[in-house]
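Here is a short note to read beside the model. Please keep the sequence and the structure open as you go through the points.

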Amino acid sequence: MERTAALLAELDEDQRQAVSHGDGPLLVVAGAGSGKTRVLTYRIAWLLAGGLARSHEVLAVTFTNKAAREMVERVERLLVGPLAGGFVGTFHRFALQLLRNHPREAGLPSRFAIADEDDQRRMLDGVLKRLAVPTSQLSPRAARSRISAAKNALLGPREAAEAARGAQEQLLAEVFAAYQEELRSGGAVDFDDMLLLAVRLLEREEPIRRGLAGRFRWLLVDEFQDTNRVQARLLALLGGTRPNLTVVGDEDQSIYRWRGAELDNILRFEENYPGARVVTLGRNYRSAEPILAAAAGVIANNASRRPKRLTSQAGAGGPVVVYQAADETDEARFVADEIARRRGRLELGEVAVLFRINAQSRPFEAELVRLALPYVVVGGTRFWERAEIKDALAYLRLVAAPDDGLAFRRAVNVPARGIGAATIEHLERAAATWQVSLPEAARRLPEQLTARARLALERFTALVDELRGLAGQAPAGEVVERLLEQSGLAAQYAGGDEEDRDRRANLDQLIAAAAEAADRGLDLAGFVDEVALLTDADARTSAQAVRLSTLHAAKGLEFDTVFLVGLEDGLLPLRREGAENLEDEEEERRLAYVGMTRAKRQLFLTAARVRRLHGQLMPGRPSRFLLEVPREVVEERTAAFGREPFRSHLPRPHARREAAEAPAVEPETRKFGAGSRKPHPDGWRPGLKVRHATFGGGVILQVQGTAAQTRLVVFFERAGRKVLIPSLAKLEKA
DNA sequence: GCTTGCGGTATTTTT
DNA sequence: TACCGCAAGC
């Protein structure tokens, strides 16, 4: 009991309420920086330490492998011992494990394969071609996302066909059915199937469901705002009507609607689980006051949320700097210069540049290179999506699952060994006739093939078989090494140029990853499964490098200094062709909110007046989100050669009444800054030396606001930069 | 079967 | 602008 008290003693009042909740459903509404992960880990530790739960009864679900790993580590540190027997991992890993344990009951072959995005695309390409659907009518990309959406909403091809209204949906349903048949005949499941089939399995097989529900008596879910319908259903199946279910989330940080995240899961939690307790964490331990105020001003414009306020525990801080750049190069230069100025005082790993789309990273990279500032781009082309890695993995998949037709297709002619489209087509026809998988058809060497193709296929099959034999005895790292040698994959990149070196280094990393997995007791099949569920979320972070990242990839992270860039209408909020609805706008606003709340001490918001995107010059009107930032916390700067003051560019005031009352374009309301010709009536001007009662001596950097409402940005020798209202602050001219 | 060149298209992406 | 995928030519 002493242990549990000690755990609670380390928490604030709200956190304590959440952690020490007994049984029954619990929703923890955890605003940005309020200690969400802390609550989750302490709660697990508290349940275990107090004897309410035993560790094999705990099922904790996260969205990333990285989050899962961190959770285990933190709980084990709190418990001072291992967390054994329970499950801590992603939804997908849980589902996959379930399907691997019960493939028959799930209607799957015993060694079913996992189709990755590439496989999906290829299959859909084929399907669309076969059905003679012009890409103008339905692109493979659109088809994939719409099929995924259907699956996330618990719809199979049949249900989709029944629900289809209009020719478009009818067509999609047809494509869906053909795609699903393709998966089935290839003995594969896609990512969405993993969850969906797990749900179907539990719905159908009551003993299995009851077994799991009886075992996992404590369910905990992280990032609940991003769960979709299938995931909610999975939880319901595991938990029953009044489960010991703890969910933690924040609707303001839901940024995956486009992937099926159902905001209603969190907004209507109490409806779905009557009698649920709701605890709101209202203290933010991350961001300085102005940053929090800025973020709050923006997110307040969203309707789909629980109204709430976060109070900063991180103390006061300098204003949020808004920089209006001339173009994207100027924007990048500003950011790089600001970073350079902080070098030495700040670990570069504490600095992040966050943008909406990956394509924005280029100019920043160029400027950071110019100033010799190290950086890492998060996202970009990911390790596991590199061609050389995927090629090697295709072989491994084939070794692990001999009937993986998709892997076969990728591996069989890489490196080129004379097995082209014609050969594949023959094999496909043979496979269909014999009702066998594609690799099996290749093993049987159909008559129609040319002698050359037969020889090549024979060699290929022999190679894979040999590797499979090796996998039974040798460690995984060695298998990969042998595979790279004997397949000729390694030889492909024997050159001396940078790209070849890069690819060789990646392949070496793959060998290392396989060896490391083997050390953890995984066999080759296990390694292949794990890799399929892996993403680059594990990307090595460096304390010595500035982080360039999309907003999505920045979720859950924090930095001392954040540059949220590209705050222009059309970019953030991003405008795509097609309907722009309110929900889209709210999600974009949440993205901006997530970005802003990553900052601990210093936040920069930047926009460019013109931007070159996709080779075209785009006029950049400042984002409406910029307008929503309360003026009081902002310090404005503009590009040196920008003539017009920033505010004249602001779009018509949007949702905020105060903004509407202060027309943005009135010349009289322009700031009295360095660029202003008009002197301030009270004689304040940049460069003037002043003295403050508490802050001591300083110099005026900027004069902002109207004559009636002046704000001075002053740099004090002792206290640093402050924003003051001269009529309130006792300020003397020194 | 491989190489080259043209044209079309770009978001976000925990799994 | 830059890249990728596809089709035509070698």
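1. Where is Arg397 found? The model is a predicted one, and in it Arg397 sits in helix α18, which spans residues 387-400. Is this arginine buried or exposed? Its relative accessibility is 13%. Buried means under 20%, so Arg397 counts as buried.

2. Look next at what surrounds that arginine. The side chain of Arg397 makes a polar contact with the side chain of Asp404, at 3.0 Å. Setting aside neighbours within four places in sequence, Arg397 is in contact with Ile114, Ala115, Asp116, Asp119, Asp404, Leu406, Ala407 and Val528.

3. Now the sheet. Seven strands form an open sheet, and the pairing is parallel. The order is β13-β14-β12-β15-β16-β11-β19. β13 and β19 (634-638) stand at the edges. Each has a single partner strand, so one side of each is left without a neighbour in the sheet. From one strand to the next, the twist averages 20°.

4. Strand β14 covers residues 546-550. How many of its residues are buried? Five of its five are, and the strand is mostly covered. In a regular strand the side chains alternate between the two faces of the sheet. In β14, Val546, Leu548 and Thr550 point one way. Arg547 and Ser549 point the other way. Both sets are buried.

5. β14 has a partner in β12 (residues 351-355), and the two pair in the parallel sense over four bridges. Here Ala352 has Arg547 of β14 as its bridge partner. β14 also pairs with β13 (residues 375-377), again in the parallel sense, over three bridges. For Val377, the bridge partner in β14 is Leu548.

6. Further along the sheet, strand β15 (residues 559-564) runs parallel to strand β16 (residues 599-608). Five bridges join them. Which residue of β16 is the bridge partner of Leu564? That partner is Leu605.

7. Helix α16 (residues 328-342) lies across β11 (320-325), β12, β14, β15, β16 and β19. It runs at about 155° to β16. Helix α17 (residues 361-370) has Ser361, Pro363, Phe364, Glu365, Glu367 and Leu368 as its buried residues. Those buried residues pack against α16, β12, β13 and β14. After α17 comes Ala372, with a positive phi near 55°.

8. Helix α7 (residues 140-152) is a separate item to check. It has 13 residues and reaches 18 Å from its first C-alpha to its last, close to the 18 Å expected at 1.5 Å a residue. Its buried residues are Pro140, Ala143, Ile147, Ser148, Ala150, Lys151 and Asn152. An α-helix has 3.6 residues a turn, so residues three or four places apart point the same way. What do the buried residues of α7 pack against? They pack against α6 (117-130), α9 (166-185), α10 (191-204) and α12 (229-239). Leu154 follows α7, and its phi is positive, near 70°.

9. Last, the DNA. Which residues surround DNA strand C? They are Arg121, His614 and Gly615. Of the atoms of DNA strand C that come within 4 Å of the protein, sugar and phosphate account for 20%.

Methods:
Residues are numbered from 1 along each chain as its sequence is written. Chains are lettered from A and ligands numbered from 1 in the order in which they are written. This is a predicted model: local features need pLDDT of at least 70, side-chain atom pairs count only at pLDDT 80 or more; totals for chains, interfaces and linings use all residues. Side-chain values use heavy atoms; hydrogens and water are left out. A residue is near a molecule or strand if one of its heavy atoms lies within 4 Å of it. Buried means under 20% relative accessible area, exposed over 50%, partly exposed in between (1.4 Å probe, protein chains only). Two strands pair if DSSP finds at least two bridges between them. The expected span of a helix is 1.5 Å times one less than its number of residues. Contact means heavy atoms within 4.5 Å. Axes are lines fitted to C-alpha atoms, for helices over the stretch in contact, and angles run from 0 to 180 degrees between N-to-C directions. A polar contact is a pair of N or O atoms within 3.5 Å; within protein, one must be able to donate a hydrogen and the other to accept it, and residues adjacent in sequence count only if both atoms are side-chain atoms.
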